Amino acid sequence: MDIFDLVYFTEDDSAEDRAYFRQLATRANAAQYVFVPRKKFSLATQAEFRKRTYRWFKSQAYDLVLLASIDAYIPAAIAARQAGTLITFDDGTANINRTSSYFQVSSGLRELLYRRYFGAPSIVSLRDKSVRHYTLHPELPNIVERPRLRAVRGWLKNDSARACRGCKTYFLGQPFDDVLTRKQRFRLESYLRHLSIDFYVKHPRENKVLRIGVPLLQKGGMIAEDAIVKDAGEYGINLIGGFSSALFNLAAVAQRRTMLVFGNSAQTRAQVQLAKQVGCEVKEI
């Protein structure tokens, strides 16, 4: 793609956000970094995103529109105003997890009002409109049918660079306050303290890391996958975490991957099934 414009949305302003925006922006014709901190009321957050990106609503001249977060109101609204072809690409595990919002047909009043107010099409209509979808996991079901999937080469194993020097173990952080109760968090911390973990890989949206006595991996603005591969060097890689995209993305690189789960809900069972499909071990806490 020779000429493109870029608009990058974030509610976190993480080092990863800034680093990868800079990489893309250096090649872009025009680029905007849009950081809006999470507000108490989600409508206020979306309204601020809309206000800061008003100029992108005026143009309808793009031949192609590439979109990741199909559930985000303002990016979807901007995409809907363009006359060009819509192309989507993976956004974490949401695209392969059928319990995520990407696969739910919401009939909630707030959802309908938000989409109508901001001019955002439904998730279903965006999925239907996407002419092709780029994915790291073409072997797994995605938001579009297999004929519309296009495989992207991810992190590949380099046998010559990984001599038998043992493994480094990395724990993959997540925004645990969003998914775990206080009791579950305590149980997870107690379990992890008994493991030999070399580094804690903090998630960009993780405000409070677990207290497990493990040093944080200094990522230098890289995403988890890049930082882990770089740090491991000639050592093997052992990954431990929850339902994390890195467990899936580093399948060809890691010697061992373990997903930790709580309970036996429908959502958990779906996640376990996916993890086992790509060769992860599963441990219930």
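Visitor: At what angle do helix 3 and helix 4 pack?

Guide: About 45°. Their axes are 9 Å apart. Bear in mind that this is a predicted model.

Visitor: Which residues are in those two helices?

Guide: Helix 3 covers residues 73-80, and helix 4 covers residues 109-118.

Visitor: Is the crossing left-handed or right-handed?

Guide: Helix 3 crosses helix 4 in a right-handed way.

Visitor: New topic. Which residues make the nonpolar surface patch?

Guide: Leu64, Leu66 and Phe89. The patch comes to about 240 Å².

Visitor: Where is Leu64 found?

Guide: In strand 3, residues 64-67. Leu64 has 36% relative accessibility, so it counts as partly exposed.

Visitor: What about the backbone at Asp13? What is phi there?

Guide: Near 55°. That is a positive value, and Asp13 is not a glycine.

Visitor: Where does Asp13 lie?

Guide: In the loop between strand 1 (5-10) and helix 1 (15-25).

Visitor: And why does Asp13 count as partly exposed?

Guide: Because its relative accessibility is 24%, and buried would mean under 20%, exposed over 50%.

Visitor: Last one, Gln277. Which helix is that in?

Guide: Helix 10, which spans residues 266-277. Gln277 is partly exposed, with a relative accessible area of 48%.

Visitor: What separates the C-alpha atoms of Gln277 and Glu139?

Guide: A distance of 9.6 Å. Along the chain, Gln277 and Glu139 are 138 residues apart.

Definitions and conventions
Residues are numbered from 1 along each chain as its sequence is written. This is a predicted model: local features need pLDDT of at least 70, side-chain atom pairs count only at pLDDT 80 or more; totals for chains, interfaces and linings use all residues. Side-chain values use heavy atoms; hydrogens and water are left out. Patches are made of residues with over 30% relative accessible area and no salt bridge: like charges are joined within 9 Å, nonpolar side chains (Val, Leu, Ile, Met, Phe, Trp, Tyr) within 5 Å. Accessible areas come from the Shrake-Rupley method with a 1.4 Å probe; for residues, only the protein chains shown count as cover. A salt bridge is a side-chain nitrogen of Lys or Arg within 4 Å of a carboxyl oxygen of Asp or Glu. Helices (H or I, at least four residues) and strands (E, at least two) are DSSP runs, numbered from the N terminus. Buried means under 20% relative accessible area, exposed over 50%, partly exposed in between (1.4 Å probe, protein chains only). Axes are lines fitted to C-alpha atoms, for helices over the stretch in contact, and angles run from 0 to 180 degrees between N-to-C directions. A crossing is left-handed if the near helix is turned anticlockwise from the far one by less than a right angle, and right-handed if clockwise.
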